[in-house]
Amino acid sequence: MKTAAPEPASQVDPESLRQGRQNAFLFAGAAGLAGLMFGLDTGVIAGALKFMGAELQASDRAQEWIVSSLMLGAAAGSLLAIPVSKHRGRRGAMFYAGLLFLIGTGLCALAPSIPVMIAGRIFLGIGVGFASFSAPLYIAEITEKSRRGKMISIYQLVITGGMLLALLSDSLLAYGGHWRWMLGILAVPTVLFILATTQVPYSPRWLAMQGRKHEAHSVLQKIRGSKQQATEELNRIEQNLKKTSGSGLALLKSSPGFRKTFTLGILLQMFQQLAGINILLYYAPHILEHLHFSAQAAVWCTTLLGLANMVATGFAILLIDRWGRRPLLLTSTIIATISLTLFGFLLYSHVGGTFGSVAVVTLLVIFTLGFATGEGPIPWTMCTEIQPLQGRGLAIACSTFANWITNWLISNVFLSVMSVIGDFGVFWTLAGFNAVFFLIGYFLVPETKGCSLEEIEQRVKANVPLREIGQPLSSASSSTQHTVPLGMQKG
Ligand code: BGC
């Protein structure tokens with residue numbers, strides 16, 4: 001698109017740049033509210049289940065369905081999100097997610113019977129699927145490359161904040177057994193989220209894909225604060241689009257590089273779940289009561305895990321664009337593997353007394369801290385960064401689907417597997433999954449820090465080894481035999 005001639009760099013007003021950055025931050029923050037809904041809706045059930053189960057006379061099996069129907073809905077929602085976010089935009093998909101949350105919240109809070117409750121949880125789940133697909137994608141598409149990791153991680157931070165809020169509100173409302181309030185109160189953040197989605201602009205990449213170039217340029221100018229930067233970025237996006245017309249499936253067939261990033265995305269999301277965080281978050285009270293904690297102590301220890309989860313995610317956000325993705329992920333998998341192995345030993349050797357209790361809580365907190373510094377945020381960040389534009393929707397939807405299905409599977413088999421191989425056996429198995437996650441990180445995960453999405457895309461299409469797709473093009477260590485012409489990189 002030919003817009004006004006770019007202003008010389010010296011004339012770029014620092015105040016406009018600051019304003020642009022602030023706008024991008026605000027829009028990403030608004031989209032990040034999708035994560036709040038994700039955290040609240042997945043976290044709230046733990047505290048409500050016992051009371052609703054009693055009132056609705058739900059058997060254990062029915063309760064399992066009440067819990068897991070959300071995850072199945074989310075898995076379906078993450079696939080449905082592809083056509084919705086393609087035709088209605090990432091912003092449109094987030095708006096529909098809000099409407100689904102509202103319907104689901106209403107059905108759940110007022111449910112007169114188990115089938116209505118399950119229907120409500122499916123609506124919530126589809127909303128979570130829409131949100132968990134479109135919000136990180138939106139954030140990645142409006143953010144400058146130097147801040148992208150941090151901004152996408154805001155999404156993760158808000159998820160953990162939502163979970164912590166849900167745990168706290170459950171604990172308070174539990175005194176009167178007010179389960180309908182626990183669920184119904186979620187209508188407040190839901191309405192805020194819907195309003196927020198009406199205030200953010202469409203993603204410039206999506207607008208460019210629709211041929212709405214002037215709107216794309218004006219959004220870019222708003223979030224970059226400079227006409228010159230907006231023009232340059234739009235040119236890069238357009239060049240990229242020209243090369244990427246066609247479906248994600250077609251790209252999957254034709255591009256071996258995309259097949260690799262597609263598979264890596266799925267692996268990262270599966271192993272994020274196999275790491276075991278949700279077993280802990282959904283079942284911590286059960287595990288702790290099994291270890292002779294009082295019911296009250298178990299609830300507060302679970303809230304402590306929620307707090308550790310949130311604090312460590314904040315820490316990861318500070319470090320993700322400084323240290324990079326790989327060091328965080330690798331450190332995180334090592335901490336998770338060691339802490340779960342030791343936890344398994346604790347269970348195996350029946351260490352009891354005060355020492356045993358303190359050790360149990362300490363190890364679970366350490367595991368949670370470890371997960372949240374890398375295994376939590378990195379898969380979400382990386383899945384939005386490594387996929388080429390033409391296949392991004394398909395790849396993110398499939399990896400998000402893998403995340404939810406694995407979440408559903410692992411949470412559903414946990415209790416039965418524990419009864420077969422013992423509690424220590426389960427935690428050693430989880431430690432094993434975390435060790436495999438380390439190997440995946442070590443051998444396959446690239447460092448994408450500071451690399452633009454277009455640069456990554458060119459290297460994916462040139463089929464460079466996965467580990468190298470994020471190397472800055474200026475890097476002397478780039479493997480030259482694989483690289484695409486450097487002159488093409490900068491639009
Ligand atoms: C995972 C969720 C998990 C949450 C905990 C997210 O990255 O996708 O399944 O509950 O982290 O913070």
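A crossing of two helices is left-handed if the near helix is turned anticlockwise from the far one by less than a right angle, and right-handed if clockwise. By that rule, the crossing of α5 and α19 is right-handed. The structure is a predicted model, in which local features need pLDDT of at least 70 and side-chain atom pairs count only at pLDDT 80 or more, while totals for chains, interfaces and linings use all residues. Residues are numbered from 1 along each chain as its sequence is written, and side-chain values use heavy atoms, with hydrogens and water left out. Helices (DSSP runs of H or I, at least four residues) are numbered from the N terminus.

**Domains**

- The domain assignment, which is automatic or from a database, gives domain 1 (18-200) and domain 2 (247-491).
- The C-alpha centres of domain 1 and domain 2 lie 21 Å apart.
- In contact (heavy atoms within 4.5 Å) are 37 residues of domain 1 and 46 residues of domain 2.
- The two domains bury about 3,700 Å² between them, 72% of it on carbon and sulfur atoms; buried area is the accessible area (1.4 Å probe) that two parts lose on being put together, summed over both.
- Met 71, Lys 145 and Arg 148 supply 16% of the area that domain 1 buries against domain 2, more than any other three residues.

**Helices α5 and α19**

- Helix α5 (residues 114-142) packs with helix α19 (residues 389-444) at an angle of about 140°, their axes 10 Å apart; axes are lines fitted to C-alpha atoms, for helices over the stretch in contact, and angles run from 0 to 180 degrees between N-to-C directions.
- This makes α5 oblique to α19, given that angles under 35 degrees count as roughly parallel, over 145 as roughly antiparallel, 65 to 115 as roughly perpendicular and the rest as oblique.
- Residues of α5 in the contact include Val 128, Phe 133 and Glu 141, and those of α19 include Arg 392, Ile 396 and Trp 404.
- The contact of α5 with α19 has seven nonpolar, three polar and two charged residues, where Ala, Val, Leu, Ile, Met, Phe, Trp, Tyr, Cys and Pro count as nonpolar, Asp, Glu, Lys and Arg as charged, and the others, Gly among them, as polar.

**Helix α17 and its partners**

- The axes of α14 (residues 277-290) and α17 (residues 353-375) come within 11 Å and cross at roughly 165°, so the two helices are roughly antiparallel.
- Ile 277, Leu 280 and Leu 288 in α14 meet residues of α17, among them Val 360 and Phe 367; this contact has seven nonpolar, one polar and no charged residues.
- With α18 (residues 377-385), α17 packs at an angle of about 10°, the axes 5 Å apart, which makes the pair roughly parallel.
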